[in-house]
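Please have the picture open while I talk.

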Amino acid sequence: QTTLKAKAKDPYPDWKAGDPVPYAALCTTFSLVEMTSKRLIIQSHCSLFLRQVLRLTPDDLLPTVLLMINRLAADYAGIELGIGESLIMKAIGESTGRSLQIIKQDQKEIGDLGLVAVKSRANQPTMFKPKPLTVRGVHKGLMDVATTSGNGAQQRKVDLIKKMLSAADGHTSGKVDITKDKGGPSEAKFIIRFLEGKLRLGLAERTVIVSLAQAMVCHDVESKDASKVPSTEQLAEGESILKAVYSEAPSYDVIIPAMLKYGIFELKDHCKLQPGVPLKPMLAKPTKAITEVLDRFENQTFTCEYKYDGERAQIHYVSKDSKLQYAGPASAAKKTEAGLAAIFSRNSEDLSKKYPDILAKLPTWVKSDTKSFVLDCETVAWDMVEKKVLPFQQLMTRKKKDVKIEDVKIKVCVFAFDLLFLNGEAVVGKSLRERRELLHEAFTPVEGEFAFATSMNGQEIDEIQHFLDESMKASCEGLMVKMLDGSESGYEPSKRSRNWLKIKKDYLSGIGDSLDLVVLGAYHGKGKRTSVYGAFLLACYNTTTETYETVCNIGTGFSEAVLEELHTALSAIVIDRQKPFYSHSSGNAHQPDVWFEPKYVWEVKTADLTLSPRYKAGAKDGLEGNGEKGISLRFPRFIRVRDDKKADMATSSRQVVEMYRKQESVTKSKGPAVDDDF
Ligand code: ATP
């Protein structure tokens, strides 16, 4: 309340109503955020700043919020910067007249390219005062970098970055104490960090959402009566509205214009789940035993479904004769005979170019009175001759982009397990039993093209065991067990929920699940593996500190061909030294031969988890050893590359700690980590 009463201070007297938001003002906020780790203080800095934007230049609210969360557009727009560390170093060097060698040297010493940029600018004489950067200008500049393609794209990207950097203010007065104030509010620092994909402010997206809600509530209340301050209830209501709307329509491009037009309290009426805007899927919690499932769902009805081993897909559709408008960019959707349709991945990325065969067949399984829908399903490789599911590896051999239907060799069948929207209406709030009924009414199964996930509603342990065995015979990974009735069985977008449990057969006696880990480094191979990497350093992701915490070395589970492929892919993302947001033991003997950008996610199985001083996973989460020891994987084994996950979607440190704690007998009987099997 004190913060709310305080009228936003005016650190930028030159920023007049209607002027573009000065980028320097955003960087000042970033710098204030960077100096604290207290979430409430971070929140108040952000909401004060957003209030200022709303008061003076509401038109810039969208680019401001996007720059705050280190994004240029919604994921489904498919915009990627497409630059690595070497290009960024080149741009810093060229824009400040320093050699690449010196930049690399600085990077070795400082370890943060943002700060290298600050230091480089400090040494640069300012000949003339460039026009100050604005938030919308920086957003556009970064967008230009991302959309530059074709011949000579790399140099043109460097030139665009240089242009921004030369207009950015650094610390131009003498020496900079980058250890003391972390480089201060330097614009160059934050541009570089944005390009690197990590602002490293400890500013989680959920904090930005809460701040945005607060700022909007203040704005809406004050615009009715300038003497009023919003009540705690109004603030809480605003926050809950924005969170709910965001979970159903996670796109600021959709939400912010609607919020500015109708106000936050009316947002739910104007911004809803709608075909064209992919939502983050609901996820499941792992379990290790059928009895664990029974304990969880005690006295509640649940249902079991086969857990198909393919690729998660969300199919969105609006028929030609529907009254409903397709909400996403129509350019991203495919025109089918019957209407507009699109397929999105687990990541909300566009899969339509990968599965044109699914879209072409869509009219055969959509009933004629089904006018619009959003479907949650799994695409699975299908054996046309034997008429059965094929292993995931077969699906992997399909091309990822620009697939031509006539070239498709691996057929896929859609296995539908949930319905989120039907005929103009979101159905996520209905129970699973009701959603399933609607699902079965809206579509017609067509062999090898479209099927409903096989399900079983039996509640007895023997029935579940039998169903699990059947699922394995049908080449599935195990079972999904879901709450069937009541409000808890509603669809919870973006949540890893207790109302969905997964049982994977091979984990019944292990830790319950495989892990999806980021490749941070590698060791040169020996013997048969001399021309490739022989082993790799993997990490999980700590979502609170935004760091990658190492969790194991891995050298098992790779065929020679796979090692070669991985070598080619990883060689392109080698970096000179580890990123400042990597957390690994500092012992000399523990360092990998090469480090990589955090890009690839691999699925890995393990026998169990143990504590080790060599790794850092969960080390700060109150394990034994006061943060010296992290959790590590024993006998890890490579399963596959997870193309559908970005690095920050890897298994989180918290999940690793949860798995470790759930392990029946912890460490004592297990002995030291035995994961260095190379
Ligand atoms: P995993 O590695 O197990 O796929 P994940 O993190 O991708 O993990 P989880 O929620 O943990 O996702 O597991 C559920 C995944 O299983 C879904 O993302 C989906 O791709 C797949 N799946 C297969 N069959 C079903 C089903 N019947 N219901 C829900 N999800 C299913």
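Predicted model: local features only at pLDDT ≥ 70, side-chain atom pairs only at ≥ 80, totals over all residues.

The strands β2 and β12 pair in the antiparallel sense, and six bridges are found between them.

Stepping back, we find an open sheet of five strands, in which the order is β1-β13-β12-β2-β11 and the pairing is mixed. At its edges stand β1 and β11, which covers residues 455-456, and each has a single partner strand, so one side of each is left without a neighbour in the sheet.

In α18, which spans residues 432-442, the buried residues are Leu432, Arg435, Arg436 and Leu439. Because these residues cover an arc of only 100 degrees around the axis, they lie on the same side of α18. Among the elements that cover the buried residues of α18 are β2, β8, β10 and β12.

What about the nonpolar cores? The largest nonpolar core has 144 residues, and of these Ile191, Phe415 and Ala416 touch the most other members. If we leave aside its neighbours within four places in sequence, Ile191 is in contact with Val138, Met164, Leu165 and Ala168. Another core, of 44 residues, lies apart from that one, and its members include Ala522, Cys552, Val601 and Ala650. As background, nonpolar side chains in soluble globular proteins tend to be buried together.

Finally, let us turn to strand β15, residues 533-542. Nine of the ten residues of β15 are buried, so this strand is largely enclosed by the rest of the structure. Strand β14, residues 515-524, runs antiparallel to β15 and is joined to it by six bridges, and within this pairing Val518 has Ala539 as its bridge partner. Strand β16, residues 547-554, also runs antiparallel to β15, with seven bridges joining the two, and here Cys540 stands opposite Glu549. The hairpin of β15 and β16 has four residues between the strands, and in it Glu546 takes a positive phi near 55 degrees.

Definitions and conventions:
Residues numbered from 1 in each chain as written. Core = buried A, V, L, I, M, F, W, Y, C linked by C-beta atoms within 7 Å. Buried ≥ 20, exposed ≤ 12 C-beta atoms within 10 Å, placed from the backbone. Contact = placed C-beta atoms within 7 Å. Arc of directions from axis to C-beta. Pairing = 2+ DSSP bridges.
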